[in-house]
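Hi everyone, thanks for coming. Please have a look at the sequence and the structure on the screen, and I'll talk you through a few places in it.

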Amino acid sequence: MPNAPDLVASDRPDIAPSPGPQDYVRGFTVGGQVAIERPFVLAPMSGVTDSPFRRTVQAASGGTVGLLVTEFISIEGLTRSNLKTAMRMAFHTADEKPLSVQIFGADADRMAHAARIVADCGAQIVDINCGCPAPKVVRRGGGAELMRQCDLLARLVEATVRAVSIPVTVKIRSGWSADSINALHVAKLVEDAGAAMLAVHGRTRMQMYTGEADWDLVDAVAQSVKIPVVGSGDVTTAQEALWRLRTTHAAGIMIGRAAIMNPWIFGQIDDLVAGRPMRHPTGADRLALLQDFRDRMADRMPEHAIPGRVKQLLARMSKGFAHGSLLRSHALRAQTTAEMFEWIEGFFHAADAGEIEHWAIEARRSSEDQPASQALPQPPATPQGGNGAGSDDFLPP
Ligand SMILES: Cc1cc2nc3c(=O)[nH]c(=O)nc-3n(C[C@H](O)[C@H](O)[C@H](O)COP(=O)(O)O)c2cc1C
């Protein structure tokens, strides 16, 4: 077996050096108009990626998220039935750039109208959802149903492109079901209809969120069209994000659930690209992030809406910590945001100080009179229309 130093590429001109992230991490442009400086995108997540969440992730990651995408917003809501809720969902601050607002529906004129509203709101990109698997969305012809209605999808994209001067992009799944995988066909169709970028979640509608995302298909789609393709599905770490970028022809990588568990992930990717040691958040960092999220929500939401969202984030962020489930059960029972934060603060301070066992003894003692709830707070488990604050609100009646 050769000595390790023998394999140093610089000493062996016959061995090509394996590419470093600087060689393949590069920005791209959407529709010749919107520069995406870093090819890592915060995925749209209904009930999760509202403005406070997006800004919290962007701040935690030191401004390194390449593109922010809103939750999906009903074109019916935006154009007639629920303008107030829809506008709340489209809300963003001036520093959220570049921002893509995602819309869903199945009527070409209405989609064009909704896209104009989105453009007037200051978004840089409008994205059409063709991937939502929720029955109440597909029953009305939107979301993943559009993968089965290709003529309608082409008309929707064409009408939307004609209606606005900002780029129109599309997010799809691999197909409706295992026996009707048509992402390659749909990619060409939306490119011909004028879409400026395509995101592909490598699962079928029927898979919902089970199984594994098919990155070979993402790669094949990326090779088949000229517009940038962003791959989505199951990226859980900074290293994996880089690996997917290096081993496929995707122009960008989308990160969804991993950004709830680890809102620092985009900054960690940036560390790896820059050759710095990757940042590892301490307990104090976690506490500060949750406080930041709370404060950003307090500017925009009633007090009663805040604890649920903090719990959603806490449930993911405390995974893997010793006694994380004890923290979650106490946080779930808290009556107010202030009480919840007392628990969170105590926990993360103890974690940093190496006193978590002592914290757990005290926490158990305090709950002896009042047994902890069995039901731990969970993040959204049935995405897109199934749960999560607001995900039902904007659906047409
Ligand atoms: C809670 C939740 C809500 C989602 N909502 C949307 C949505 O509104 N629009 C959309 O295009 N995709 C939505 N998705 C799909 C994600 O954007 C992404 O494609 C998928 O979760 C796979 O990526 P991941 O493994 O990185 O999470 C949602 C996913 C989750 C988990």
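Let's start at I265, which is found in helix α12, residues 265-274. When I say helix, I mean a DSSP run of H or I with at least four residues, and a strand is a run of E with at least two, both numbered from the N terminus. I265 counts as buried, because 26 C-beta neighbours lie inside 10 Å. Buried here means 20 or more other C-beta atoms within 10 Å of the residue's own, exposed means 12 or fewer, and partly exposed is in between, with C-beta atoms placed from the backbone.

Which residues does I265 touch, leaving aside its neighbours within four places in sequence? They are S61, A238, I255, A258 and A259. A contact means that two C-beta atoms, placed from the backbone, lie within 7 Å. I265 and Q239 are 26 residues apart in sequence, and their C-alpha atoms are 9.7 Å apart in space.

A word on what you are looking at. This is a predicted model, where local features need pLDDT of at least 70, side-chain atom pairs count only at pLDDT 80 or more, and totals for chains, interfaces and linings use all residues. Residues are numbered from 1 along each chain as its sequence is written.

Now the whole protein. There are 17 helices and ten strands, and buried residues make up 49% of the 397 residues. Of the contacts between residues at least 6 apart in sequence, 71% join residues at least 24 apart.

Next, please find helix α14, residues 306-317. Among the buried ones are I306, V310, L313 and M317. What covers them includes α11, α13, α15 and α16.

How do α14 and α15 sit against each other? Their axes come within 10 Å and cross at roughly 175°. The axes are lines fitted to C-alpha atoms, for helices over the stretch in contact, and angles run from 0 to 180 degrees between N-to-C directions. The two helices are therefore roughly antiparallel, the word for angles over 145 degrees. At this contact, K311, L314 and A315 in α14 meet R328, A331 and L332 in α15. Those residues divide into four nonpolar, no polar and two charged; Ala, Val, Leu, Ile, Met, Phe, Trp, Tyr, Cys and Pro count as nonpolar, Asp, Glu, Lys and Arg as charged, and the others, Gly among them, as polar.

In the loop between α14 and α15 you'll find H323. Phi of H323 is near 65°, a positive value in a residue other than glycine. Most residues other than glycine have a negative phi, and most peptide bonds are trans. H323 counts as partly exposed, with 18 C-beta neighbours inside 10 Å.

M208 also has a positive phi, near 50°, and its place is the loop between β8 and α9. M208 is partly exposed, with 16 other C-beta atoms within 10 Å.

Last stop: the peptide bond from K97 to P98 is cis, with omega near -15°. P98 lies in the loop between α4 and β5. Thanks, everyone!

Methods
Expected span 1.5 Å × (residues − 1). Parallel < 35°, antiparallel > 145°, perpendicular 65-115°, else oblique.
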